[in-house]
Amino acid sequence: MSDDTPTLGFIGLGVMGGPMSRNVVRKHAGKVHAFDMSEAALQETVDLGAIAASSVAEVAQNADVIFLSLPGGKQVAAVCADIAANGKPGTIVADMSTTGVADARQVAAALAEAGMLFADAPVARTRQAAQDGTLSITVGASDDLFARIAPLLGYMGSDVTHCGDVGCGQVVKLINNTLLFENVAAIAEMMVVAERAGVAPAKLVEAVGLGSGNSFALQNHGLKAMVPRQFPEKAFPSPYVLKDLGYAIELAGEMGVEPRMANRAAQYYKQAVDEGLGDKYFPAIIELIGKKG
């Protein structure tokens with residue numbers, strides 16, 4: 001990494017990575033090399049001033065700090081192997097994808113063999129937050145590395161939390177997501193109960209929102225999706241939920257904990273996929289619950 005303004009790279013310009021990369025381009029004083037398999041996605045970021053790369057290798061050859069926003073652990077491992085083979089010692093990789101904890105630690109070890117540094121920095125909050133640069137970012141890294149990358153992560157997040165060493169960012173992200181998915185499933189059950197008992201969904205959210213049952217999930221997923229029954233495609237669908245729950249359930253088992261609540265939630269979301277709701281925004285689980293009885 002240079003003494004002055006680092007050259008950045010961004011790989012993965014999808015639903016979250018696209019707006020994140022564009023915030024980086026807008027706010028960073030130096031060069032940003034970007035790559036995605038989708039030419040259209042790449043062009044959106046290039047239009048704001050990024051330099052188009054034709055491959056992962058090209059990003060690795062030019063960037064001091066590389067951000068990743070990819071579908072999962074397998075993709076991160078493959079891209080990082082390419083970075084290790086083509087980048088220079090001292091390169092920093094900050095993975096903003098959601099992966100397994102073991103995946104993050106294995107990638108960090110592999111990059112270390114090439115003289116490179118790694119931080120897991122998964123993001124939370126919505127696509128709108130990605131566009132606004134107000135994501136919550138949980139980071140697993142050494143103290144020194146966190147200090148070096150925190151200002152850069154601040155381009156994308158309003159809350160950047162150092163959670164511990166490598167892998168700890170993913171631990172917190174997976175627990176955050178699991179609590180959300182469990183909460184949404186519980187809200188869906190109780191909203192169906194309330195409606196059948198004569199309480200309108202909007203009134204339920206209003207009243208519970210004034211009491212101890214209030215939550216982020218109720219005010220966002222409950223009010224904005226389950227009350228109007230609006231579950232757009234190309235949002236966060238149940239297969240993504242199952243991926244994250246799978247990582248969390250695996251981690252719980254490794255820690256000697258039986259995750260009964262997470263397992264039950266996973267059964268719900270799996271059934272939603274099996275019954276044709278897999279392309280819809282995941283609070284559509286209420287449609288599954290509403291069919292029963």
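Student: How much space lies in the largest pocket, and what makes it a pocket?

Tutor: About 1,400 Å³ lies there, taken as the space filled by probe spheres set on grid points joined across faces, edges and corners. A pocket is an open set of points on a 1 Å grid over the protein atoms alone where a 1.4 Å probe fits, with protein on both sides within 12 Å along at least five of seven lines. This is a predicted model, where local features need pLDDT of at least 70, side-chain atom pairs count only at pLDDT 80 or more, and totals for chains, interfaces and linings use all residues. Residues are numbered from 1 along each chain as its sequence is written, and side-chain values use heavy atoms, leaving out hydrogens and water.

Student: Why is His 33 called buried?

Tutor: Its relative accessible area is 8%, and buried means under 20%, exposed over 50% (1.4 Å probe, protein chains only), so His 33 counts as buried. This residue of strand β2 touches, among others, Phe 10, Ile 51 and Val 59, with heavy atoms within 4.5 Å.

Student: In α5, which residues are buried?

Tutor: Val 101, Ala 104, Val 107, Ala 108 and Leu 111 are buried. They fall within an arc of 130° seen down the axis, so they line one face of α5. On the other side, Gln 106 and Glu 113 are exposed.

Methods: Helices (H or I, at least four residues) and strands (E, at least two) are DSSP runs, numbered from the N terminus. The arc is that of the directions from the helix axis to the C-beta atoms. On a 1 Å grid over the protein atoms alone, a cavity is a set of points where a 1.4 Å probe fits but cannot get out, and a pocket is an open set with protein on both sides within 12 Å along at least five of seven lines; lining residues have an atom within 4 Å of a point. Lists of a residue's contacts leave out its neighbours within four places in sequence.
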